[in-house]
Amino acid sequence: MQTPYLVYLVDDETSLLELLQSYLQNAGFLVRAFQSGAEVLPVLEEPEQPHIWILDIMLPDIDGYELLRLIRGKSDVPIVFISARDQDMDKIIGLELGSDDYLAKPFLPRELVIRVQKLLQRTYEKGGAAVPAPIQASYEDWVTIGPYQISEKGRQVKENGNQIELTTKEFELIVYLLHNQGLALNREQILTAIWGEDYIGSDRAVDDLVKRIRKKMPKFPLETVYGFGYRMTRT
C-alpha cells in the first residue's frame, strides 16, 4: 500500500478551510490545516514537511508571498497559490517567486483536488516511481489521554496509532484543555484563549467547537459544566 501524500493547507477563512480539507481528505490525502502565517512559521522548522503546500495569499498577518519565500528557502516542494485579489498580478508574482500553480477564488473544491493530484503526479511519480513517504517527525511530548495520543509540538492527535484530522481551532482547544486539566473553564475564558481578546461574536462558537471535538473524539474526557462552561477531567 502506498503512503498517502501529505498536504499543508493555509487559509484564514474557516468555512473554506474546512471544506477544502474535507475534499482533500476524501481524495485520500493527509491534510494539516493552518489559519495564519504565524501558525506556519514554527512548522517550517519541524523535521516533518509536506509533499505540497496550498497557500492563500490574503492572510491576516504574514501574507502568502512571504510564506512562499520562506518555504522556498528551505524546500522545493510544490506550492499552489489561491487568491481572491487581482488575479493576473497575483499569478505573475506568485510564479516569479516560485509557486507551481495558481487558482483564483471562487473555485470549485474539486478543481483544486484535481490540480493537486496532477501536480503531485508530475513531481513524484515520473517514470512510475512510488509515492515517497512523508518525513516522520519523532516528537518526545506525546501525552496519552484514554485511547488518544496527543503531541503539542507535532500538532497531532492519534487514536490507537491512527491520526485524527482536526482543524486548527479544534487542536488548540484540546491543548488548552490539557494545560488546564481539572479546571472549570467558562465560555469567555475559552473564547479569549482560542479566538483572542478581539473576537466579536457569540459564545456559541465554543459550543460548536466542543460538539465537533466530541464527534471526532467521543472518548475524550470533556465534561459540560452546566450554566458555566466545560472541564477536562484529570486522568
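The model is predicted. The protein has eight helices and 12 strands. Buried residues make up 48% of its 235 residues. Among contacts with a separation of 6 or more, 57% link residues 24 or more positions apart.

**The five-stranded sheet**

- Five strands build an open sheet in the order S2-S1-S3-S4-S5, and their pairing is parallel.
- S2 and S5 stand at the edges with a single partner strand each, so one side of each has no neighbour in the sheet.
- On average, neighbouring strands of this sheet are turned by 15 degrees against each other, direction ignored.
- S1 and S2 run parallel and are joined by five bridges.
- Leu6 stands opposite Leu30 in S2.
- S3 and S4 also run parallel, joined by four bridges.
- Leu55 stands opposite Phe81 in S4.

**Strand S4**

- Five of the five residues of S4 are buried, so this strand is largely enclosed by the rest of the structure.
- Both faces of S4 are covered.
- Ile79, Phe81 and Ser83 are buried on one side of S4, and Val80 and Ile82 are buried on the other.

**The nonpolar cores**

- The largest nonpolar core holds 43 residues.
- Val10, Leu24, Phe29, Trp53, Ile54, Leu55 and Leu112 touch the most other members of this core.
- Eight elements are listed here as each supplying at least two residues of this core: strands S1 (6-10), S2 (30-34), S3 (52-56), S4 (79-83) and S5 (101-104), with helices H1 (14-26), H3 (64-72) and H5 (109-124).
- H5 gives the most to this core, with six residues.
- Another core, of 27 residues, lies apart from the largest one.
- Members of this other core include Ile164, Leu178, Val210 and Met232.

**Contacts of Val10**

- Leaving aside neighbours within four places in sequence, Val10 is in contact with Leu17, Phe34, Ser36, Val40, Trp53, Ile54, Leu55, Asp56, Leu59 and Leu67.
- Among these partners, Trp53, Ile54 and Leu55 are, like Val10, listed with the core residues that touch the most other members.

**The second largest pocket**

- The second largest pocket has a volume of about 160 Å³.
- Its lining is made up of Thr14, Leu17, Glu18, Gln35, Thr167, Thr168, Lys169, Trp195, Ala205, Asp208, Leu209 and Arg212.
- H1, helix H6 (168-179) and helix H8 (204-216) are the elements that give two or more residues to this lining.
- H8 gives the most to the lining, with four residues.
- Leu17 belongs to the pocket lining and is also in contact with Val10.

- Strand S7 (residues 148-151) and strand S8 (residues 156-159) pair in the antiparallel sense over four bridges.
- Tyr148 stands opposite Glu159 in S8.
- S7 and S8 form a hairpin with four residues between them.
- In the turn of this hairpin, Arg155 has a positive phi of about 50 degrees.
- S8 also pairs with strand S9 (residues 162-163), in the antiparallel sense over two bridges.
- Glu159 stands opposite Asn162 in S9.
- S8 and S9 form a hairpin with two residues between them.
- In that turn, Asn160 has a positive phi of about 55 degrees.

Note on methods. Residues are numbered from 1 along each chain as its sequence is written. This is a predicted model: local features need pLDDT of at least 70, side-chain atom pairs count only at pLDDT 80 or more; totals for chains, interfaces and linings use all residues. Side-chain values use heavy atoms; hydrogens and water are left out. A nonpolar core is a set of buried Ala, Val, Leu, Ile, Met, Phe, Trp, Tyr and Cys residues joined through side-chain atoms within 4.5 Å. Buried means under 20% relative accessible area, exposed over 50%, partly exposed in between (1.4 Å probe, protein chains only). Contact means heavy atoms within 4.5 Å. Two strands pair if DSSP finds at least two bridges between them. Axes are lines fitted to C-alpha atoms, for helices over the stretch in contact, and angles run from 0 to 180 degrees between N-to-C directions. On a 1 Å grid over the protein atoms alone, a cavity is a set of points where a 1.4 Å probe fits but cannot get out, and a pocket is an open set with protein on both sides within 12 Å along at least five of seven lines; lining residues have an atom within 4 Å of a point. Grid points are joined across faces, edges and corners, and a volume is the space filled by probe spheres set on the points.
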